Amino acid sequence: MATKTEALRRDAEALEKTLVSDRRHLHQNPELSFEEVQTSAFVQERLRDLNIPFTSGIGGYGVVANLQGHRPGPVVALRADMDALPIQEANEVPYASKVPGVMHACGHDVHTASLLGVAALLRSRTQEFSGTVRFLFQPAEEKLPGGASLMIRDGALANPQPQAIYGQHVMPLLPAGTVGFRSGRYMASADEIRLTIRGKGGHAAMPHLNTDAVLIASHIVVALQQVVSRRANPTLPSVLSFGHIIGEGAYNVLPNDVRLRGTFRTMDETWRDQAHALIREIASGTASAMGAICDVEIDRGYPMLFNHPEPTALARSTAEAYLGPQQVVDLDLWMAAEDFAFYAQQIPATFYRLGTRNEAKGWVSSVHTSTFDVDESALPLGAGLMAAIALEQLAAAPSAG
Ligand code: NI
């Protein structure tokens, strides 16, 4: 085992140039969610070069490839997302985005390049495993309903169903050379909330003749914090934030209506539904107590992400063997959402973090910012470790062949 791990690590290091150039190509040519035409074509070209059979057009521009080992056996799935964000890149680097207003600011270029690297590493190791490694190159992680749900709908987890699925994501909080795991609840569900408070506009000097939607909206914003501060179980993370409040009156004009937009996040599906009902009740009740009407619309986003104990333990112990235990850390709960959660609702899954921080080089910015970048020395680890995890999973699983 030790020698196989060493060989894998060595081969992954030898792949660094390709990994970096693939990542830079993707970084320079980012595409928004549901528009990943060239990215998908690039992935398909690489898979063709590797002589790995694939199907395109899964869940939009998604690609599913299957690499068979030397004997039949179970299936393990590995996933990378491919889409970029509507952000203008501010980094002055030779590989900066060539597309105005679009940027790989969440590291999905790294995920895609890494998974291509995994495919290359395992292509030359088919004698070392039984079963199938299924590669999911997924579109549209950043936009509802999420490419993961569409790929599942198109059968990415069927015929036959994988025994487990693994996904990795860059994390600029963790130093390059480290990886992080968490078993159980890890990331939040995220729902979009839209409120419209309908009052009656008029002259601001005569409030008694109007119904002040601005004041009522203010009461609603305060009252809704009741949901997370008094109604939520305090041991369960819940966040309700309104980042958008529009009332188009003037100094001396009260508007007819005020529109609010916000996000509700939590980590329990039952509480999620209860909280939605409370938001409706408190918002419309507060409005009606003050003579207005509040329309409440809630768009369900991604579910909470649960990392199953078994694949998490397998991935973690593989990482400890691959890297040394000092380089493997425990992750905290994370209130962002991720559509990998849809896979984890279907089959055993774990979503882990690849450290990409490098203070000396200044790569410390958060994901989803115009100055986000990664320490590319993390790429061989991203590819090599995922290949090691796939091999461990196939070796651990009882053979279906
Ligand atoms: Ni992301």
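Donors are N, O and S atoms within 2.8 Å of the metal (3.2 Å for Na, K and Ca); water is not among the atoms, so sites may look incomplete.

## Basis

This is a predicted model: local features need pLDDT of at least 70, side-chain atom pairs count only at pLDDT 80 or more, and totals for chains, interfaces and linings use all residues. Residues are numbered from 1 along each chain as its sequence is written, and side-chain values use heavy atoms, with hydrogens and water left out.

## Nickel site

Three protein donors lie 2.1 to 2.3 Å from the nickel ion: Cys106 (SG), His108 (NE2) and His169 (NE2). Along the chain the donors are spaced C-x1-H-x60-H. Cys106 and His108 are both buried (under 20% relative accessible area, 1.4 Å probe, protein chains only; exposed is over 50%, partly exposed in between).

## Helix H4

Helix H4 covers residues 108-123. Helices are DSSP runs (H or I, at least four residues), numbered from the N terminus. H4 has 16 residues, of which 14 are buried.

## Two domains

Domain 1 takes in 4-186 + 304-396, and domain 2 takes in 189-299. These bounds come from an automatic or database domain assignment. The domain centres, taken over C-alpha atoms, are 38 Å apart.

Contact (heavy atoms within 4.5 Å) links 9 residues of domain 1 with 12 of domain 2. The interface has 1 salt bridge (a side-chain nitrogen of Lys or Arg within 4 Å of a carboxyl oxygen of Asp or Glu). Asp268 and Arg185 form a salt bridge at 3.5 Å, N to O.

Methods: Helix = DSSP H or I, 4+ residues; strand = E, 2+ residues; numbered from the N terminus. Expected span 1.5 Å × (residues − 1).
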